Amino acid sequence: MEIITGYDILIIGGGAAGLRAAIAAAETDPRLKIGIISKVYPTRSHTVSAEGGVAAAMREYDSPANHAYDTIKGSDFLADQDAVEYFTENAKKQIITLEHWGCPWSRQKDGQVAVRAFGGMNVKRTVYAADKTGFYILHSLFERSLLYENISRFDEWYVTDLFTDNERATGFHAIHQKNGQQAIFLTKTIIMATGGAGRAYKFTTNSALNTGDGLILAYEAGAALKDMEFVQFHPTALAKTGILITEAARGEGGHLLNKKGERFLKNYLPEKMELGPRDIISRAIIQEIISGNGFEGPNCAYVHLDLRHLGKKTINEKLPLIREISIHFAATDPVLEPIAVRPAQHYTMGGISTGSDGASTLPGLFAAGEAACVSIHGANRLGSNSLAECLVFGASAGKNAANYCLSAKKITIPSNKQINLFSKSCNNKIKLLLSNDGHESIASIRSAMQENMDQYAGIIRDREGLKKGLHAIKDLQERSKRVTIKDKSLIFNTGLIELLELKAMLKTCEIILKCALLREESRGAHYRTDFPNRNDQKFLKHHLAHKTSAGLTITSQKVNITKWSPEARTY
Amino acid sequence: MRNFIIKIQRYNPETEKIYFEEHTVPYTKDLTVLDALNFIKEKTGGEIAYRWACRMGICGSCGAIINGKPALMCSTFCVQLKQPITLQPLANFKVIKDLIVDTDDAMNKFRAAMPYTEFQKKHLEPQHETLQTPAQLNRLKQTSQCIKCMLCYAACPVYGLKQEFIGPAAGALAQRYNLDTRDNIKNQRMDSITAENGIYNCSFIGECSRVCPKNVDPAAALQKLKVAGIIHTAKKTAKSILKTPKKSS
Amino acid sequence: MKYLEQKPGAFWWTRNLNCLIYFTREIAGIMLGAWAFIIVLAINANFMLNMSDHGIFTWPTATLFQYIALIASIIHSITWLHAIPKTIPLNISKKGHIIAYLILLAIWISIFWLTTSAFLSPKSYD
């Protein structure tokens, strides 16, 4: 098996966080050799689907402290406040930098970067690029990354295992899809930027790529995952396909209507209405549907998002993509009719536990973006904070990984014996998976997992449901050991890759359900009917999931509180 | 309800066998070609290889030749296609397996377009954004929509016959940066794209703009670049003539 | 292990109507070029010899040739006018391109009509 060496930093994942980290590291020192490994071509990463915007304290009427307070309140006071302060201090800088690199932010008449209102933000602070912000950010970063000679790319390589020696992350094993080649990569640091695990759910806005690969790579290597029970459901996704209809539609003034044509949010969020935080609005929509005020569709119940009163000009200027998506995929022109929407899984608040410097609990392993949990989103993320997180913590992880490489006195190199052992075990694992003899199909296990998670680990949870869900997942994990893969070649063996992704998702589901069972309260996006209130006495803490000799172990970590003491969360 | 019949071109790189497979998919009004393919993959035990990710026409992964024309599978509806629906891998590229093609060469063309605003690598942490009016932003709107889906390269006969050609998407990307008021390196970019394998290889066949799913109109971008390129080269030549010291008589 | 090569065949231009129009455009351009070259030859030859003595310079060959060249120049002009709006450094929508093309066509047709009608109107030589 080929051994690829010479890299100082290897970044797994080529989305906004991964590319931003690569550029930050490349800038720190041109002598550093940086590699980006992605299972798809970088511009296909899920960042491209992000629509709404990037939040920062841009204007005089705003301040990082104000942004921090909104974020912390939005997180239901579970966010680590020192990290949030770091985040809000640095968000504006990232936006300005990206602007200089050519990102086409939408503008005001006077030429300044424009801002719009967004859910949970008490002032206008979300910078946007029409309603394709993620698309423009990803392409701007990708194009900028072509400038640096010291950034190399390994496109369409799938990482199967992390390599640790003497308890430091030193590399990984990956398969090059294009020619079936396997290789061991050795490096000084690794940055995990692989995104979330939305495809564990049936109804999700996420692309096919979000299968939690990086989370489980880190977990299996010994890094801790934090706050995995918190999964965000976006209130407005197209009723059938789950395609995202951005929060910006509500930010520009859209209304949510029930079957009777009334703006039902007046019963749940009388002050903020459609600009409330996502967890409360998603729950409100589900409650309306349960109480019979939703529309009955052929696939599912839904409510209406009405944009007609915004007018054709505003929609074409500020929301062109969702108009295109609505017309194309839902045969609905938002200028003329309301859009059928319902909540869908959208974001994984949980992830690899890191500090503001991006370092995880495993030395040598950094993480950034949705794959990481710093935590700045706590129990619920505010819209437009995720793209900002990718930029701020991507840059932070990149810079700190670079400094680690430059300043670390001696970084141990694994011995040939260790490398051979690792290489043999990875090769055997693949051989075993390909020679498995059973009659299970990946599609049916995956389907069952997704339905299971939607039903038991969705917007509304309870102990019985979570237990049933966990039992079902354990069963599916057993079944996944009996999948036969007909294709024995390693060249674009989609069966093998899907099986590896499925195993990662099943493990992620197990961790989500276990942590959700332990959290006997309702906080942010985690809502339990058997414990409907927030319990700061017992649960103002993070849950850390790690792999020990006893298997999956869950411990606690206290929340860092600096300035804002927890209070009742009303909007 | 009538079912859809889908013929898929299969290719196995190990056995080097190329053949067509026919499948039937139950009818639904809003079934996309991608949905149909996912259905077929599940039903047949998952071996057909193809790329897809976002399923909303923004990532550019799922390009294929559908009934003879390059298109995105996730954005094409089966009801609107003539039956049987024929699926083949994107033209002009080497096929790795089934519907997956090797686009590495075309993806590298973007480097020649120098898609950045400056050569300065260390950013100096500026305090404020450069001002840009909405009208100035509008100039680059069309060419900035490119999702790098490679449908234009599959449609371009020049790229098919001469792989060294910079191609439509790279041309559109160069134009996008040329039109950006924040750009600082227009001259170097023009030098790069007017070079031997650059924009002058375009014969304005116009296939690229016909297949582009995002209305980027790379053909127009390339023609504009040709004119701009002539002016650029003329200026450069004039400058160098004026600079040359006159020979003493 | 081998990848499958895909190259456009020699008759790629029969693929669809757009490619056929393109190919016709290019052939028309070549024909016009050939016409200009032969006219140069003919003019050159005329300085030394009497043109009407040479078979290929008379009816029907010469006339047919001129008509073909005329058709080629019409095709060439129409397709070239289609390309011109695409070269202008302005933001024009798809509809705008069509309108610009139609305007250019109208101007060209009027010039064409004026010049040909000037030739067609009878002149008396009395």
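Predicted model: local features only at pLDDT ≥ 70, side-chain atom pairs only at ≥ 80, totals over all residues.
Chain C holds three helices and zero strands, so that, read from the N terminus on, its elements follow the order α-α-α. Of the 126 residues in chain C, 21% are buried, and the accessible surface of the chain comes to about 9,400 Å², with 75% of that surface belonging to carbon and sulfur atoms. Among the contacts in chain C that have a separation of 6 or more, 54% are between residues 24 or more positions apart.

The interface of chain B and chain C comes next. The size of an interface is often given as the accessible area lost when the parts come together. Between them, chain B and chain C bury about 2,600 Å², and carbon and sulfur atoms carry 52% of this area. The table gathers the counts for this interface.

| Item at the interface of chain B and chain C | Value |
|---|---|
| Residues of chain B in contact with chain C | 35 residues |
| Residues of chain C in contact with chain B | 26 residues |
| Salt bridges found by the rule | one salt bridge |
| Polar contacts (both residues at pLDDT 80 or more) | 13 residue pairs |

The salt bridge joins Asp217(B) to Lys86(C), and the closest N and O atoms of this pair are 3.5 Å apart. On the side of chain B that touches chain C, at least two residues each come from strand 1 (4-12), strand 6 (94-97), strand 7 (100-102), helix 3 (134-139), helix 5 (157-161), helix 8 (207-211) and helix 9 (218-243) of chain B. Helix 9 of chain B gives the most to this side, supplying four residues. Sorted by class, the side of chain B that touches chain C consists of 17 nonpolar, nine polar and nine charged residues.

Key: Residues numbered from 1 in each chain as written. Chains lettered and ligands numbered in written order. Heavy atoms only, no water. Buried < 20%, exposed > 50% of the residue type's maximum accessible area, 1.4 Å probe, protein only. Contact = heavy atoms within 4.5 Å. Areas by Shrake-Rupley, 256 points an atom, 1.4 Å probe, with all protein chains shown as cover. Buried area = accessible area lost by both parts, 1.4 Å probe. Salt bridge = Lys/Arg side-chain N within 4 Å of Asp/Glu carboxyl O. Polar contact = N/O pair within 3.5 Å; in protein donor to acceptor, adjacent residues only side chain to side chain. Nonpolar A, V, L, I, M, F, W, Y, C, P; charged D, E, K, R; others polar.
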